[in-house]
Amino acid sequence: MRSLEELKSLKAKAEKEMALREDTGKPTIIVHMGTCGIANGAREVLNTILSELKSRNLTDIHVTQTGCPGLCHLEPLITVSEPGKKNPYIYAKVTTENVKKIILQHIINGQPVTEWLVNLEK
Amino acid sequence: MEFYRSHVLVCTGTGCTSSNSRSVISGLRKELADKGLEKEIQVIETGCFGFCNLGPIMVVYPEGVFYCRVSQDDIQEIVEEHFTKGRVVQRLLYHEPNTTVKTQEFNDIEFFKHQKRIALSNCGIINPEKIEEYIARDGYFALAKVLHEMKPEDVIEEIKKSGLRGRGGGGFPTGMKWNFAHKAQGDQKYVVCNADEGDPGAFMDRSVLEGDPHSVLEAMAIAGYAIGANQGYIYVRAEYPIAVERLRLAIEQAHKMGLLGKNIFGMGFDFDVDIRLGAGAFVCGEETALLTSIEGKRGEPRPRPPFPANSGLWGKPTIINNVETYANVTRIIRNGWEWFASMGTEKSKGTKVFALAGKIKNTGLIEVPMGTTLRTIVYDIGGGILNDKKFKAAQTGGPSGGCIPAELLDTPIDYDNLIAIGAMMGSGGLIVMDEDTCMVDIARFFLEFTQDESCGKCPPCRIGTKRMLEILTRICEGKGVPEDLENLETLAKTIKSAALCGLGQTAPNPVLSTLRYFRHEYEAHIYDKKCPAGVCKSLLSYKINEDKCRGCSLCARNCPAKAISGKVKEPFVIDPEKCIKCGACMEKCKFGAIERK
């Protein structure tokens, strides 16, 4: 270690790897992984989300899973919950293609893709 | 860098390791690989969470789900349900005692809620075997700050103002100690870390070393800069193999990164740390004995003055601090003395780690602000007494400390209050006792320990503790005489004032404090030849209640001494001559017919 800058850059790098264990204040993407979701391709959607986040280096976005919310005919579903917001955004019939748009438009730029939302209260 | 969506932290502290967390980890890794999830879910070995009676403990991030008592048989279910389908495995969640509530996230658990973690802030969060994780949590920034922005005098002033006092037991102000060593003349000075944790039941130092070894290394380097030393020694018990291993690894990693060694941060400061293993003698936790042991000699104390700050290791100025003290130093430097001094009581600042043990529901390691009452610790954090029995006393400070009775449950715990009520902070062992504990027997137990551990150098300790133990043993055997109490007190006072080191000077404390608060128990043993708690075997007698006995012969068949006889379907009798008072019959009897008096 020759300088403070070196330590700082090391910290920044290590922090990214640990972001999962901290409250980052960023949105969380929840993939619904009930039997219905999995049968409709939720697993592929999840993998796409992960590879998309990885390629964009967005380590502070948490991705978790949950069960079936009851809207089986709209699976695969994903929920984006933002800290401080009461109502989360629920996207229906997500595909490996449109999930990329959700990440770009909603997660990165903060503009929900309204046409794919199923939330009754908008 | 791999992109993981979940981090699974499994405790690999000594507690969880002994309840098989290693096999849980290997099983989990295999199961994840079988399901093709090994690139999504990362398994991380971490340090102690403190909730040792629930081990092995597993925490799943980002949700923060807290699983306890995870066994190999649970792994398949966790992987299938939680990691594949996102459904939390309810049955493995923490179950709050006294309620039916199951708690999912670990910040909501009562045990953690009342705690304030400073020294333990990284334990159970980082992987102690990766220096990067320590750095991610601001590790080594305190050292950088000290080397770049502060003069040695500033560092000492900061520690002084924070009000930090030695966490090893004595409670001497750390800043003052550093100042003495800073002012002492000498071409070579040393920084020593006392990790010779010897109190029965205390394991906070071990947990810090196992869970956050770099915090100790960093603080030692800071201390080295403050006093002008470039060599440090950690004296750690050989009985702590995991701690020793992690320390070795931590020193190696810090060296590789140039955070120890020559010219740290290019600021011209050199510092190195070596490990010295202790053979587990209790007296080596005493500072002068510890230094003698590092020098390669027999671990015996020597008179002070001269204090180690002036003449310590090999006669050179030396500071010696406890593991927990060092763990606080880095946080004080980073957050400022005002932050640290804002916690605690007037004369005891910050927090203290306690090892909760004994007859309490939640045993484990806790950290609370100074001034927290014993009631909060026992009932809110500890969850109350096992089997809902009555609280009788809490013992702090191990063999050097004393017992705190129920009427003092609301005393705010800090250094000075504990001394005032005849106990001692000690290194932080806290043993809770219920109504079934005999206080005379407890005093005898601790005396047996100190007498055994006495190094034998000074007569007050060598002979005095032996005589005290003889008297206590006699009382427990029902052979006590009225003069015994007076003799105990005289001996205790003499040893306290005449013994050479801390071990001897504090050895009579358990006797004095139990005499102070539980004198009636001593008197019952001596005058009535009774043990009120029903512990001292010689004073007990077992009898079969003829009205309750159905003559099933179960007791007679289980008696190891063949002391019970009788005819089936008629009341049985115990022969007091043959009875060894093991209590096996009482345990076995289904009708509650056996009485102990």
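**Notebook: chains A and B**

I began at B:Asn310: leaving aside neighbours within four places in sequence, B:Asn310 is in contact with B:Phe180, B:Ala184 and B:Pro317. Contact here means that the C-beta atoms of two residues, placed from the backbone, lie within 7 Å.

I noted the ground rules next. This is a predicted model, in which local features need pLDDT of at least 70, side-chain atom pairs count only at pLDDT 80 or more, and totals for chains, interfaces and linings use all residues. Residues are numbered from 1 along each chain as its sequence is written, while chains are lettered from A and ligands numbered from 1 in the order in which they are written.

**Entry: B:Asn310**

I placed B:Asn310 in the loop between α12 (287-294) and β11 (318-322) of chain B. Helices (H or I, at least four residues) and strands (E, at least two) are DSSP runs, numbered from the N terminus. The scale calls a residue buried at 20 or more other C-beta atoms within 10 Å of its own, exposed at 12 or fewer, and partly exposed in between. I also checked B:His182, which is 128 residues from B:Asn310 along the chain; their C-alpha atoms are separated by 9.4 Å.

**Entry: chain B overall**

I counted 24 helices and 20 strands in chain B. Of its 597 residues, 54% count as buried. The C-alpha trace spans about 90 × 65 × 40 Å along its principal axes. Among contacts in chain B with a separation of 6 or more, 72% come from residues 24 or more positions apart.

**Entry: α10(B) against α13(B)**

I looked at helix α10 (residues 213-227) and helix α13 (residues 323-335) of chain B, which pack at an angle of about 75° with axes 8 Å apart. Axes are lines fitted to C-alpha atoms, for helices over the stretch in contact, and angles run from 0 to 180 degrees between N-to-C directions. α10(B) and α13(B) are therefore roughly perpendicular to each other, a label for angles of 65 to 115 degrees; under 35 is roughly parallel, over 145 roughly antiparallel and the rest oblique. The α10(B) side includes B:Val216 and B:Met220, and the α13(B) side includes B:Tyr326 and B:Ile333. The residues of this contact divide into nine nonpolar, two polar and one charged. Nonpolar covers Ala, Val, Leu, Ile, Met, Phe, Trp, Tyr, Cys and Pro; charged covers Asp, Glu, Lys and Arg; the others, Gly among them, are polar.

**Entry: chain B meets chain A**

I found 29 residues from chain B and 25 residues from chain A in the contact. α5(B) gives the most to the chain B side, with four residues. That side holds 15 nonpolar, seven polar and seven charged residues.

**Entry: strands**

Strands pair if DSSP finds at least two bridges between them. Three bridges join β3 (residues 78-81) of chain A to β4(A), and the two run antiparallel. A:Ile78 stands opposite A:Tyr91 in β4(A).
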